[in-house]
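Hi,

Here is the structure I promised to pass on to you.

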Amino acid sequence: MSKRTVLVTGATGGVASALVRSLDPAHDRVALVSRNAEGLDALRGQLPDDLEACTIVADVSTAEGADQAVVRASAHFGEPPAQLAHCAGSALLAPLHRTTQAQYRDCMAANQDSAFYTLRAWVKARLQTDEPRGSAVLFSSVVAQIGVSNHEAIAMAKGAIASLVPAAAATYAGHGIRVNGIAPGLTRTGATERLFASPRAEAQIEAQYPLQRYGQAEDLARAVTWLLSDEAEWVTGQVLSVDGGFSRVRPMVPTGG
């Protein structure tokens, strides 16, 4: 059985790293994409010796960078990647009236633009093959589904991704190309560690979630792995909430007694 090639953007981030750790070297090979060259070098040194991998320095928030990433991955493995896990992105915590133009533009580029350009580049490559079938997973967010204060810009960006998923899924379903997304709740990674600065802050975050804990990178990696796999071959156009119940269930609030 031939190996599948997985294209992972934002590869130096916590969720992408957890996803890569979950890959099976017997069945998978991976193209790791990031703007962070040093981070890619460090990640490469942590990979299993038997996992076939290549690293690509590219900025997928631009059309040129996204095209370059897919072209280089295709050239390295001799065929376009059949799976795409678009983990690139950033978070912005700021109220609307304090969000600068530069912050807004950066947020849109890192999240909305990168998703559009990367998915476009990947789809174009798949359509050039004899069997275009493939699976892509994009990242939306719980804040695109339910109002959370001080998240206006990121909610806009992630809301756009939630709209892109079903539209692209409809366009390419006839080619056997599946497009899905996940909408995570707050997940503890290096990018969010500042939010857990004290035990009190951590406790307050946990109290917001009905399952009484915040997310871990492995929670999201497992969801992405399933959506990419053949086990989800009849699933497309969906944005799966992976948020500990945040968007659908009210947490139980203890009462004094």
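Below is what turned up when the structure was searched.

Please keep in mind as you read that this is a predicted model.

How many disulfides does a search of the whole structure find? The count is zero. The distances explain this: a disulfide needs two cysteine sulfur atoms within 2.5 Å, and the sulfur of Cys54 is 15 Å from the closest cysteine sulfur, which belongs to Cys87, so that pair is too far apart for a bond.

Next, the strands. Strand 1 covers residues 4-9, and five of its six residues are buried. Strand 1 has strand 2 (residues 28-34) as a parallel partner, with six bridges between them. Within that pairing, Val6 has Val30 of strand 2 as its bridge partner. To get from strand 1 to strand 2, the chain passes through helix 1 (residues 14-21), giving a β-α-β crossover that is right-handed. Strand 1 also pairs with strand 4 (residues 83-86): these two run parallel and are joined by four bridges. Here you will find Val8 opposite Ala85 of strand 4.

Now for the aromatic rings. The search of the whole structure gives three aromatic pairs. One of them is formed by Tyr209 and Phe246, a tilted pair with 5.1 Å centre to centre and 40 degrees between the planes. Tyr209 sits in the loop between helix 6 (199-207) and strand 8 (215-216), while Phe246 sits in the segment after strand 9 (239-242), so the pair ties together parts that are 37 residues apart in sequence. Tyr209 and Phe246 are both buried.

Last comes helix 4, which spans residues 101-127 and has 27 residues. From its first C-alpha to its last, helix 4 reaches 37 Å, close to the 39 Å expected at 1.5 Å a residue. Where is the kink in helix 4 centred? Look at Asp113, where the kink is about 35 degrees.

Methods
Residues are numbered from 1 along each chain as its sequence is written. This is a predicted model: local features need pLDDT of at least 70, side-chain atom pairs count only at pLDDT 80 or more; totals for chains, interfaces and linings use all residues. Side-chain values use heavy atoms; hydrogens and water are left out. Buried means under 20% relative accessible area, exposed over 50%, partly exposed in between (1.4 Å probe, protein chains only). Two strands pair if DSSP finds at least two bridges between them. A crossover is right-handed if, with the strands pointing away from the viewer, the path from the first strand over the helix to the second runs clockwise. Rings of Phe, Tyr and Trp (its six-membered ring) pair if their centres lie within 6.5 Å; planes under 30 degrees apart count as stacked, over 60 as edge-to-face and the rest as tilted. The expected span of a helix is 1.5 Å times one less than its number of residues. The bend at a residue is the angle between axes fitted to the seven residues ending there and the seven starting there.
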